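This report describes a single protein chain. The sequence and structure are shown first.

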Amino acid sequence: MQNDKEDLEISSLEDMVTYFSKQRNFFIRELGFISYDTLFINAVIVRAYQLNKGFISLVSTGNYLCACPLVRIQLETVLSLWASLIADGNYTERMLLGKSVDKSKHNGNYLSNSYLIRTLCEFINKPSLKELWDKGNNYLHPSYSSISKAIHQENNQIILENLEGNLGKSDLEQLQKEMLEINLAYIPILREYKDILSKIVK
């Protein structure tokens, strides 16, 4: 796979918003044909784009607790795109026709979340995505890491935050780094799809 110059220049979620807009234009217009694959890719890109826009808006207002679940949702969206790329058979067709894909396989393996995250980490050479997947459970469900954002200790005293919270800048910066790392996983998958679908046109 060849790296596009614009792919290498992505360093923020705002860059990813622009990237998704360009990718959607390629798969829907420039590629020159419509298929179940391109329609599914379009749906994923729209979802990823909107998740980023919502995340950016929430972070700008310091709304950590509403922003952090979007990190896990974005990773699940990446996994759905990855599953569509590697699945044996007509995965995207079944998805778009509202049929079950629960029994879809790749090389004889069911596409469980654990299988998808492991193989994606190998494909993009980013084992840290597995850590973000595990960490994402805390973002979706009440846990120490989420509850502690409303209750903390200071000078051996328990401090209850007001409704607006009192998150440090580092909390939001870390969350943005995690979201960007997940977003970057889209690039090699979409590049692979580009290579495959462009050959069909030729």
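The sections below cover the basis of the model, the overall fold, the aromatic pairs, the charges over rings and one arginine.

## Basis of the model

The model is predicted: local features need pLDDT of at least 70, side-chain atom pairs count only at pLDDT 80 or more, and totals for chains, interfaces and linings use all residues. Residues are numbered from 1 along each chain as its sequence is written, and side-chain values use heavy atoms, with hydrogens and water left out.

## Overall fold

The chain contains ten helices and four strands, where helices (H or I, at least four residues) and strands (E, at least two) are DSSP runs numbered from the N terminus. Along the sequence their order is α-α-α-α-α-β-β-α-α-α-β-β-α-α. Of the contacts (heavy atoms within 4.5 Å) between residues at least 6 apart in sequence, 70% join residues at least 24 apart.

Of the 202 residues in the chain, 41% are buried; the term means under 20% relative accessible area, with exposed over 50% and partly exposed in between (1.4 Å probe, protein chains only). The accessible surface of the chain is about 11,500 Å², and carbon and sulfur atoms account for 50% of this surface. Such areas come from the Shrake-Rupley method with a 1.4 Å probe, and for residues only the protein chains shown count as cover.

## Aromatic pairs

Rings of Phe, Tyr and Trp (its six-membered ring) pair if their centres lie within 6.5 Å; planes under 30 degrees apart count as stacked, over 60 as edge-to-face and the rest as tilted. By this rule there are five aromatic pairs. One of them is the edge-to-face pair of Phe26 and Phe27, at 5.1 Å centre to centre with 85° between the planes. Both Phe26 and Phe27 are buried.

The pair of Phe40 and Tyr91 is edge-to-face because the planes stand at 85°, with the ring centres 6.3 Å apart. This pair links distant parts of the chain, joining Phe40 in helix α3 (residues 36-60) to Tyr91 in helix α5 (residues 91-96), 51 residues apart. Phe40 is buried at 5% relative accessible area, and Tyr91 also counts as buried, at 10%. Tyr19, Phe20 and Tyr186 make up one aromatic cluster.

## Charges over rings

A charge sits over a ring if NZ of Lys or CZ of Arg is within 6 Å of the ring centre and within 35 degrees of the ring normal. The charged end of Lys194 lies over the ring of Phe26, 4.8 Å from its centre. Lys105 is placed over the face of Tyr110, 4.6 Å from the ring centre.

## Arg72

Arg72 belongs to helix α4 (residues 64-86). Arg72 is buried, since its relative accessible area is 6%. Apart from neighbours within four places in sequence, Arg72 contacts Trp133, Gly136, Asn137 and Leu140.
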